[in-house]
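This report covers backbone features and strand pairing. The sequence and the structure come first.

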Amino acid sequence: MHKKLLIKIFFFTALIFCQSCAYILGGRSPQLVQVQKGYPDSAKIYYGGNFMGYAPKKIFVPRNANLNQSNNYIEIKADGYQSKKIVLSRKIRYGYFIADIIFLGIPLIGDYATGKIWKPTPSRINYELKKN
């Protein structure tokens with residue numbers, strides 16, 4: 001009986017300590033990427049090949065998106081202008097990384113496994129398209 005209680009306490013404690021800081025404190029919401037107003041005005045904005053709207057535009061990218069895939073880019077297009085393609089890359093969220101280390105590094109496992117430790121970069125995009 002005593003052994004079963006210790007096992008339950010161990011698993012409960014492990015469950016608490018294995019919660020990741022990035023997921024709990026802010027990883028559930030998508031990351032905002034802002035396409036600022038540029039030239040020409042009201043250019044068409046695409047994320048991963050899907051039309052999202054006209055500039056200026058806020059695009060929400062999932063925090064756990066695999067930004068190493070070929071479809072994680074923002075493309076800006078306008079009639080009569082050359083399009084511009086911005087590939088999103090990943091940057092570590094250092095505040096959550098440090099918080100995970102404070103909790104003995106165990107929460108890092110959850111943050112890396114879920115991808116919540118990453119954020120897309122750049123978070124703001126300025127553009128100026130060239131005429132064809």
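## Loops and sheet

Pro-40 lies in the loop that links strand E1 (31–35) to strand E2 (44–47). The model is predicted. In this prediction the peptide bond from Tyr-39 to Pro-40 is cis, and its omega is near -5°.

The loop between E1 and E2 also holds Ser-42. Ser-42 has a positive phi, near 55°, although this residue is not a glycine. Ser-42 counts as partly exposed because its relative accessibility is 46%, and partly exposed covers the range between under 20% (buried) and over 50% (exposed).

A further cis peptide bond runs from Ala-55 to Pro-56, again with omega near -5°. Pro-56 is found in the loop between E3 and strand E4 (57–61). The two cis bonds are set out below.

| Peptide bond | Form | Omega |
|---|---|---|
| Tyr-39 to Pro-40 | cis | near -5° |
| Ala-55 to Pro-56 | cis | near -5° |

The strand pairing is as follows. An open sheet is formed by four strands in the order E3-E2-E5-E6, with antiparallel pairing. Strand E3 (50–54) and strand E6 (84–87) are the edge strands, and each of them pairs on one side only. From one strand to the next, the twist averages 25°.

Strand E5 (residues 73–77) runs antiparallel to E6, and four bridges join the two. Across from Ile-74 stands Ile-86, a residue of E6.

How values were computed
Residues numbered from 1 in each chain as written. Predicted model: local features only at pLDDT ≥ 70, side-chain atom pairs only at ≥ 80, totals over all residues. Heavy atoms only, no water. Pairing = 2+ DSSP bridges. Axes fitted to C-alpha atoms, helices over the stretch in contact; angles between N-to-C directions. Buried < 20%, exposed > 50% of the residue type's maximum accessible area, 1.4 Å probe, protein only.
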